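Open the model in your viewer and keep the selection tool at hand. We will go stop by stop.

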Amino acid sequence: MSMWEYANPKLFMGWTRPVLPWSFALAAVCLVVGLIWGFFFTPDDFRQGSTVKIIYLHVPAALMAINAWIMMLVASLIWVVRRHHVSALAARAAAPVGIIFTLIALFTGGVWGQPMWGTYWAWDPRLTSFLILFLFYLGYIALWEAIEDPDTAADLTSVLCMVGSVFAILSRYAVLFWNQGLHQGASLSLDKEENVADVFWFPLLVCIAGFVLLFIALVLMRTRTEIRARRIRALEARARRA
Amino acid sequence: MIALLLRDLRLAVRAGGGFGLGLAFFLIVVVLVPFGVGPETAVLSRIAPGILWVASLLAALLSLDRIFALDYEDGSLALLATSPLPLEGAAMIKALAHWITTGLPLTLAAPALGFLLSLAPEAYAYLLISLLIGTPALSMIGTFGAALTVGLRRGGLLLSLLVLPLYVPTLIFGAEAVRRGADGLDPNGALMLMAGITAGSFALLPFATAAVLRINLR
């Protein structure tokens, strides 16, 4: 039995039913443990004070915002190559989750930036590329919503996702070029993984695991909903013909 | 291919083709900016490269939905798809025709509008070159967007939402090249990267455009 057989909608519904509550429960455990550990049982940073603790929301959300797009890209490729409907629906299901993670990352970044940098928003390369990523998500979701025929919508959004990925990467490096050209040496971005000490690192890992599990759980749930919605549509079409 | 190019050009130039609308829009946007930000020449000459690039980008966007919409409605797009000419080639020719009717006039008109915004004298040559290199990419990316939304009844707004994020790298490199030219820095890096985007778009996007057209014509 190859892994592709799990793409059968009926099998997919079968194995996700028991997996779904477990992934939600594990995500909740990881997030509760990680956030409580991070917020109450780690010391304040000597320069950033207690504001450093927003890292436990900001970094995992930003990580998953990018990973959600990568997952959509992979699912789109699978749809284009092997035409598994579940894959197209999973890509569709991941987009709203990804856009919310992007918003969380932008919002928590602004909240942290106000006391630290003295501004909610700066046209820093990282911030700007996240804003552009947000726009890409917006276009992708809008295209899904605009097309009525589900197969056409899946095809067109897959192509958009692939072309968009290339241009998203291009924008990322174009933005770096643009801002270095404007003010050199005023780099605001931190290499957080490099700098962060072990006290902050372990709860952060737990939080990242929590966000990954939360993403998996949400995408599975939304994919199941999409499959059910499509079944209902098929039943209605059959009833209309009968 | 040449016949298709000439046909598209003729259709665009004739009455009702919308030729010159983009140019007029470009002029109006550039005229409106000083009313918005005030008439100080120092401010205007500082923002002129960006304004000229954003305005030409919006003007190019304006005429995108005409690339395929009319051909789709009267069925000539389906004929094109079944003709011996590969659809990829047709897509590239469509982009080229769009560039000749909007990008090229915009490029030629931009220096004149640079005077209105008191662009720095050193920057004119770079404005011309950057628009000449960059606007073909705008046309090709826009053709892809137009192909995505061709089957939709109200695709215009969606088209801008899809295409504008794709325009970000071109805009950054284009405006940056002019700005560096105005500041007396070396703009060659930005120009070369933009030329790379244009060449890459024309090499790859016709395939994506043709694939999308085939899906829409199914």
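**Before you click**

This is a predicted model: local features need pLDDT of at least 70, side-chain atom pairs count only at pLDDT 80 or more, and totals for chains, interfaces and linings use all residues. Residues are numbered from 1 along each chain as its sequence is written, and chains are lettered from A in the order in which they are written.

**Stop 1: chain A**

Select chain A and colour it by secondary structure. You will find 7 helices and 0 strands. Helices (H or I, at least four residues) and strands (E, at least two) are DSSP runs, numbered from the N terminus. Of the 242 residues in chain A, 38% are buried. Buried means that 20 or more other C-beta atoms lie within 10 Å of the residue's own; exposed means 12 or fewer, and partly exposed is in between, with C-beta atoms placed from the backbone.

**Stop 2: helix α1 of chain A**

Now select residues 9-40 of chain A. This is helix α1, with 32 residues. Its first and last C-alpha atoms are 44 Å apart, close to the 46 Å expected at 1.5 Å a residue. The expected span is 1.5 Å times one less than the number of residues.

Where does α1(A) kink? Zoom in on A:Thr16: the kink there is about 40 degrees, shortly before the proline A:Pro18. The bend is the angle between axes fitted to the seven residues ending at a residue and the seven starting there. Buried residues of α1(A) include A:Phe12, A:Cys30 and A:Gly38.

**Stop 3: chain B**

Switch to chain B. It has 9 helices and 0 strands. Its C-alpha trace spans about 55 × 35 × 30 Å along the principal axes. Buried residues make up 51% of its 218 residues.

A compact globule with 218 residues would have a radius of gyration near 17 Å; chain B has 18 Å, which agrees. The radius is taken over C-alpha atoms, and the globule rule is 2.2 Å times the number of residues to the power 0.38.

**Stop 4: helix α7 of chain B**

Select residues 124-148 of chain B. The 25 residues of α7 should span 36 Å, and the end C-alpha atoms are 35 Å apart, which agrees. Look for a kink of about 30 degrees at B:Gly134, shortly before the proline B:Pro136. In α7(B), 20 of the 25 residues are buried, so the helix is largely enclosed by the rest of the structure.

**Stop 5: where the chains touch**

Show both chains. Here 19 residues of chain B are in contact with 23 residues of chain A. Contact means that C-beta atoms, placed from the backbone, lie within 7 Å. On chain B's side, α7, α8 (155-182) and α9 (188-217) each give two or more residues. Helix α8(B) gives the most, with 11 residues. This side of chain B divides into 17 nonpolar, no polar and 2 charged residues. Ala, Val, Leu, Ile, Met, Phe, Trp, Tyr, Cys and Pro count as nonpolar, Asp, Glu, Lys and Arg as charged, and the others, Gly among them, as polar.

**Stop 6: the core**

Select A:Ala68, A:Ala94 and B:Leu52. They have the most contacts inside the largest nonpolar core, which has 138 residues. Such a core is a set of buried Ala, Val, Leu, Ile, Met, Phe, Trp, Tyr and Cys residues joined through C-beta atoms within 7 Å. The largest share, 14 residues, comes from α8(B).

Terms used:
Two residues are in contact if their C-beta atoms, placed from the backbone, lie within 7 Å.
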